[in-house]
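Take a moment with the sequence and the 3D view. Then read on for a short tour, from the whole chain down to single residues.

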Amino acid sequence: MYCGNGSLASCRAVLESSLAAAVAETPAQVYPADGVCQAGDQMCHDAIQFRAIGAITQPLMDWVNRPTFQQADEIQGHGPG
């Protein structure tokens with residue numbers, strides 16, 4: 001987004017026009033049909049899609065909001081006393 005001369009009024013005008021353009025988009029424009037999802041189906045488009053490896057497939061999984069960093073630890077036994 002470019003705010004013209006950088007004044008607050010010009011930045012506000014650019015922001016408002018871009019938001020108005022976004023609101024005018026239809027769900028089918030935002031989420032077009034593909035090989036898996038129908039046009040306008042946000043839940044399908046947001047789902048996690050797996051690729052088949054060999055003969056094994058996996059159905060779509062609902063999107064899950066996860067933190068940027070996750071850590072998994074496996075404790076093998078007790079540490080030194």
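## The chain as a whole

Of the 81 residues in the protein chain, 6% are buried. Keep in mind that this is a predicted model. The mean pLDDT of the protein chain is 85. A score of at least 70 is reached by 88% of the residues.

What does the secondary structure come to? The protein chain has three helices and zero strands. Along the sequence, the pattern reads α-α-α. Confidence can be compared between these elements. Helix H1, residues 8-24, has the lowest mean pLDDT, at 92. Helix H2, residues 27-30, has the highest, at 95.

Next come the contacts along the chain. Take those with a separation of 6 or more: residues 24 or more positions apart account for 2% of them. The protein chain exposes about 7300 Å² of surface. Carbon and sulfur atoms supply 57% of that area.

## The disulfide

How many disulfides does a search of the whole structure find? It finds one. This disulfide links Cys 37 with Cys 44, and the S to S distance is 2.1 Å. Why is the disulfide called left-handed? The torsion about the S-S bond of Cys 37 and Cys 44 is about -80°, so the disulfide is left-handed.

Are the two cysteines buried or exposed? Buried means under 20% relative accessible area. Cys 37 has 3% relative accessibility, so Cys 37 counts as buried. Cys 44 is buried too, because its relative accessible area is 12%.

## Gln 49 and its contacts

Gln 49 lies in the segment after H3. Which residues does Gln 49 touch, leaving aside its neighbours within four places in sequence? They are Val 36, Cys 37, Cys 44 and Leu 60. Gln 49 and Pro 59 are ten residues apart along the chain, and their C-alpha atoms are separated by 7.5 Å.

## A nonpolar patch

Phe 50, Met 61 and Val 64 make a nonpolar surface patch of about 230 Å². One of its members, Val 64, lies in the segment after helix H3, which spans 42-46.

## Accessibility side by side

The table sets out the residues discussed above.

| Residue | Relative accessible area | Class |
|---|---|---|
| Cys 37 | 3% | buried |
| Cys 44 | 12% | buried |
| Val 64 | 37% | partly exposed |
| Gln 49 | 40% | partly exposed |

Key:
Residues numbered from 1 in each chain as written. Predicted model: local features only at pLDDT ≥ 70, side-chain atom pairs only at ≥ 80, totals over all residues. Heavy atoms only, no water. Disulfide = S-S within 2.5 Å. Buried < 20%, exposed > 50% of the residue type's maximum accessible area, 1.4 Å probe, protein only. Patch = residues over 30% accessible without salt bridge, like charges linked within 9 Å, V, L, I, M, F, W, Y side chains within 5 Å. Areas by Shrake-Rupley, 256 points an atom, 1.4 Å probe, with all protein chains shown as cover. Salt bridge = Lys/Arg side-chain N within 4 Å of Asp/Glu carboxyl O. Helix = DSSP H or I, 4+ residues; strand = E, 2+ residues; numbered from the N terminus. pLDDT = per-residue confidence, 0-100. Contact = heavy atoms within 4.5 Å.
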